[in-house]
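Thanks for coming, everyone. Please take a look at the structure on the screen, and then I'll walk you through it.

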Amino acid sequence: MAHRKALGRGLSALLGTPDLETDQLREIDIDRILPNSQQPRKNFAEDALNELASSIREHGVVQPIVVRPLDDGFFQLIAGERRWRASQRAGLARVPAVIREAGEHDALELALIENLQREDLNPMEEAQAYERLIADFGMTQEEVARRVGKNRATIANMLRLLRLPPEVQQWLRENRITTGHAKALLSLSDLNAILDIARKIIQSSYSVRQAEMLVSRYSSPVAGREDSGGASEVVDPNVKEAVHALEQALGTKVTVQESGGKGKIELHFFSFEEMNRLYEGLLRAKF
């Protein structure tokens, strides 16, 4: 079995154990370990758990779990619930663990960051974990990006998934649509339209590119449609491709209107934080 990647620097710093030493490890009775109900991962694939259990039977637990002590000799998981579950299936009575003194608040932060650094959450679990780090721990998008080792645009784009209708979020959890499909849908502001197009994507097994074309047709059903100021939304395919590229680069909806060689480019934002992100990005850009 291939070894897992080492924990990222952000988690190591939080745990205070950049290099685990043997005197920090203990073997703990598996039935004295309790899961953390607040941890971000909610779904555990049965096949993957069974495969890990088989590997544990043969090789043991390669990487220790991380727990915090509770009352009466019990422990709560901070990191490694998948390994703990697979160890139960493998029939282990005890598992190797690093015991950390951490309050409930700190334990939740560690669990969120540990799961995000492993990059195997589903997209909605990932988006909700980012949201909790921002809402519950007062982090900015920049701080979250630094702690989990990703760029801020990635964090911003994942947070946008939380604006999808609940039904579409569930389809994303179930892998009935992909993150690429979801990003295409987010260029629409009409939630009913998002829901309708998401259904069509699933029913027709559309690729991401086909979904983008469907969304584009919905957004510009009539060529040369005019607004109250006499300008028309651009429907030229080359310009539409440029709009799409801008949306991907900026992580937000972009609207272009043109009339007689003049017009405007509009950047849409849906929160003050997103407005500030766009503002700072534009200031850093070189034109």
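Helix 7 and helix 13 are roughly antiparallel to each other, because an angle over 145 degrees counts as that, with under 35 roughly parallel, 65 to 115 roughly perpendicular and the rest oblique. A quick note on the source: this is a predicted model, where local features need pLDDT of at least 70, side-chain atom pairs count only at pLDDT 80 or more, and totals for chains, interfaces and linings use all residues. Residues are numbered from 1 along each chain as its sequence is written, and side-chain values use heavy atoms, leaving out hydrogens and water.

Back to the pair. Helix 7 and helix 13 (residues 272-284) pack at about 150 degrees, with axes 12 Å apart. Axes are lines fitted to C-alpha atoms, for helices over the stretch in contact, and angles run from 0 to 180 degrees between N-to-C directions. Helices (H or I, at least four residues) and strands (E, at least two) are DSSP runs, numbered from the N terminus. Which residues make the contact? Helix 7 gives Arg 152, Ala 156 and Arg 160, and helix 13 gives Glu 274, Arg 277, Glu 280 and Arg 284. Contact means heavy atoms within 4.5 Å.

Five strands form an open sheet in the order 1-5-3-4-2, with mixed pairing. Two strands pair if DSSP finds at least two bridges between them. Strand 1 (25-29) and strand 2 (33-34) are the edges, each pairing on one side only. Strand 3 runs antiparallel to strand 4, with four bridges. Pro 69 has Phe 75 of strand 4 as its bridge partner. With strand 5, strand 3 pairs in the parallel sense over three bridges. There, Ile 65 stands opposite Ala 97.

Is strand 3 largely enclosed or open? Four of its five residues are buried, so strand 3 is largely enclosed by the rest of the structure. Buried means under 20% relative accessible area, exposed over 50%, partly exposed in between (1.4 Å probe, protein chains only).

Last, the cores. A nonpolar core is a set of buried Ala, Val, Leu, Ile, Met, Phe, Trp, Tyr and Cys residues joined through side-chain atoms within 4.5 Å. The largest has 40 residues, and Tyr 130, Leu 133 and Leu 164 are among those with the most contacts inside it. A second, separate core of 18 residues includes Ile 65, Val 67, Phe 75 and Val 95.
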